[in-house]
Amino acid sequence: MSSTTPHRPFSRLFTALAALLGLVLLGGLAPAAAQEQAPSAQATGLHISNGRLVEGNGNDFVMRGVNHAHTWYTGETQSWADVKALGANTVRVVLSNGHRWTRNSAADVAAVIDRCKANRLICVLEVHDTTGYGEESAAATLDQAADYWIGLKDVLAGQENHVVVNIGNEPWGNTDPAGWTTPTVAAVKKLRAAGLEHTIMVDAPNWGQDWQGVMRANARTVYDADTTGNLIFSIHMYSVFDTAQEITDYLNAFVDAKLPLLIGEFGGPADQWGDPDEDTMLAEAERLDLGYLAWSWSGNTDPVLDLATDFDPARLSAWGQRIFHGANGIAQTSKEATVFGGTTPGDTQAPTAPGTPTAAAVTAASATLTWPAATDNVGVTGYEVVRVSGATETAAAASTTTSATVTGLTAGTAYTFAVYAKDAAGFRSARSATVNVTTQSAPPGSCAVTYRVVNEWPGGFQGEIALRNTGTAAIGGWTLGFTFADGQTISTMWGGTPAQTGGSVRVTPASYTSTVPAGGSVALGFIGTKGSTNTAPTAFTLNGSACTTG
């Protein structure tokens with residue numbers, strides 16, 4: 001991903017092509033050809049063994065973390081501590097070699113590494129300037145990225161236990177992606193010839209999504225080019241990977257061939273190109289013990305992929321809640337690298353249950369819970385807040401203190417919450433007593449709507465709706481209503497789900513637009529059909545109350 005909206009192919013147009021390619025590409029990864037490279041005698045840190053990323057002591061290491069856009073937000077240094085507190089064991093840090101954005105200096109990169117180590121995070125460093133080369137005219141080459149890493153050799157030396165070098169982000173676009181293999185091999189060889197001994201990470205072409213299968217077909221060639229064998233492949237999964245079959249086929253192809261792989265970036269929220277199947281991505285990564293790094297902590301031009309709003313860990317988006325607290329998410333599956341000391345010897349007891357939580361600062365979309373601390377024979381390291389519904393529990397928040405704000409709630413809805421404590425050894429306490437919370441109802445008339453036609457063509461058009469919360473409390477669980485006057489129909493929508501009867505339309509939110517913060521807004525986009533006229537709707541309602549229009 002870049003700081004601007006990425007190029008992504010229409011995934012469904014390529015499904016048939018991908019299926020045909022798969023018959024050929026499986027041969028390119030055939031286990032019969034999998035002759036594992038022996039790590040070099042000097043490789044003492046993170047390295048590859050039997051197709052897996054391991055630490056210097058041979059312990060398996062599975063990345064569970066996020067991407068952080070450091071090069072554009074160099075002042076957001078608290079982000080390392082924040083993602084660690086939420087359970088991450090790795091952070092992939094966006095850097096620039098100066099080709100497209102401001103160059104990150106040796107001193108800055110050294111500070112980044114120190115920050116990773118201070119927060120007990122493995123550091124994946126990547127050059128972002130290569131994004132979309134061949135299609136993006138401003139992009140740098142992999143050779144230029146390799147020169148940047150060689151220029152940082154003195155900074156990187158001795159950090160092999162803590163740093164993975166991701167040569168270049170998404171280093172080829174959709175134009176002639178077959179050209180990716182040769183410069184990738186050359187960049188790997190150049191880094192090894194310069195004496196870098198770190199594990200190297202290689203991104204796929206097709207803006208990282210490899211929908212034409214070039215990396216999948218040529219992975220063995222690239223891997224064999226590394227004389228140390230310490231190379232891991234990174235696939236980026238966005239809207240191309242919108243079915244379980246596509247995800248499982250791709251991941252298993254590498255695993256079966258004993259070629260190391262992780263999901264180096266991925267998104268879950270739907271967009272105009274498709275709806276990624278993040279549930280399968282997370283479930284399969286956990287089943288196969290493959291790493292994953294979600295895009296991204298905060299600061300995206302389009303905030304739909306921000307895990308946290310304005311870099312605030314107390315304001316996780318629906319996407320952030322899914323990644324950190326959902327099934328197979330970071331809180332459930334992350335394990336800290338043993339290079340930082342691992343679990344505490346002799347800790348064989350779980351913490352006591354936390355005290356009964358109480359609720360305060362309840363709004364239409366959030367509530368702050370506070371509880372008496374748990375105790376432990378060694379020490380409590382954090383707390384997990386869960387939503388309780390009968391016999392079912394759903395992760396709701398995490399905290400290293402005795403307070404947490406649960407966000408993404410629906411207005412006027414009753415909830416039940418409880419808290420668990422955990423310690424450094426991974427033991428979990430018994431559950432606390434529960435607390436019942438009912439969120440506030442959204443005040444009537446606290447909305448403004450802007451409607452515009454983005455583009456038109458014979459028989460069709462693209463529309464955009466901006467829904468703004470003009471009130472003082474967040475709005476959740478909303479329904480937007482309006483009416484088309486000229487027989488228009490919505491065929492596809494992103495940001496919400498439409499239900500249409502005649503000209504009457506009712507829209508309910510997607511997971512990532514379900515909460516409209518006070519003073520904030522969400523955007524909906526759609527493709528529609530029309531006749532000879534295309535009059536814009538003149539009135540909108542939110543949960544039955546009229547909105548102002550503009």
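# A walking tour of the model

Start with the salt bridges: by the rule used here, there are 19 of them, where a salt bridge is a side-chain nitrogen of Lys or Arg within 4 Å of a carboxyl oxygen of Asp or Glu. In general, side chains of opposite charge can pair when their charged atoms come close.

Before you click on, note that this is a predicted model, in which local features need pLDDT of at least 70 and side-chain atom pairs count only at pLDDT 80 or more, while totals for chains, interfaces and linings use all residues. Residues are numbered from 1 along each chain as its sequence is written, and side-chain values use heavy atoms, with hydrogens and water left out.

**Stop 1: helix α6 and its partners**

Select Lys 190 and Asp 143. They form a salt bridge whose closest N and O atoms are 2.9 Å apart. Lys 190 belongs to helix α6 (residues 181-193) and Asp 143 to helix α4 (residues 142-151), so this pair ties together parts that are 47 residues apart in sequence. Helices here are DSSP runs of H or I with at least four residues, strands are runs of E with at least two, and both are numbered from the N terminus. Lys 190 is partly exposed at 25% relative accessible area, and Asp 143 is partly exposed too, at 40%. (Buried means under 20% relative accessible area, exposed over 50%, and partly exposed in between, with a 1.4 Å probe and protein chains only.)

Now pick Arg 192 and Asp 226, another salt bridge, with the closest N and O atoms 2.8 Å apart. Arg 192 is in helix α6, while Asp 226 sits in the loop between α7 (214-224) and β8 (231-237), so the pair ties together parts that are 34 residues apart in sequence. Are these two buried or exposed? Arg 192 is buried at 13%, and Asp 226 is buried at 0%.

**Stop 2**

Jump to Arg 315 and Asp 310. Their salt bridge has its closest N and O atoms 3.4 Å apart. Arg 315 is partly exposed at 36%, whereas Asp 310 is exposed at 56%. Then select Arg 92, Glu 126, Asp 203 and Glu 265 together: salt bridges that share partners join them into one network.

**Stop 3: Arg 322**

Next, find Arg 322 in helix α10 (residues 318-325). Arg 322 is buried, with a relative accessible area of 17%. Which residue does its side chain meet in a polar contact? That would be Asp 279, side chain to side chain, at 2.9 Å. A polar contact is a pair of N or O atoms within 3.5 Å; within protein, one must be able to donate a hydrogen and the other to accept it, and residues adjacent in sequence count only if both atoms are side-chain atoms. Show what else is around: leaving aside neighbours within four places in sequence, Arg 322 is in contact (heavy atoms within 4.5 Å) with Glu 278, Asp 279, Leu 282 and Ala 327.

**Stop 4: the nonpolar cores**

The largest nonpolar core has 95 residues, and Leu 125, Trp 149, Ile 167, Phe 233, Phe 266 and Trp 297 touch the most other members. A nonpolar core is a set of buried Ala, Val, Leu, Ile, Met, Phe, Trp, Tyr and Cys residues joined through side-chain atoms within 4.5 Å. Zoom in on Ile 167: not counting residues up to four places away in sequence, its contacts include Trp 149, Ala 187, Leu 191 and Met 201.

**Stop 5: the strands**

Switch to cartoon view and look for an open sheet of five strands in the order β24-β28-β21-β20-β31, with mixed pairing. The edges are β24 (489-494) and β31 (548-549), each with a single partner strand, so one side of each is left without a neighbour in the sheet. Two strands pair if DSSP finds at least two bridges between them. Within this sheet, β20 (residues 447-457) and β21 (residues 460-469) run antiparallel and are joined by ten bridges; look for Asn 455 opposite Gln 462 in β21.

Then select β23 (residues 480-483). Four bridges join β23 to the antiparallel β26 (residues 504-509), where Ser 504 is the bridge partner of Thr 483. β23 also pairs antiparallel with β29 (residues 540-542) over three bridges, and there Phe 482 stands opposite Phe 540.

**Last stop: zoom out**

The protein chain has eleven helices and 31 strands. Of its 550 residues, 53% count as buried.
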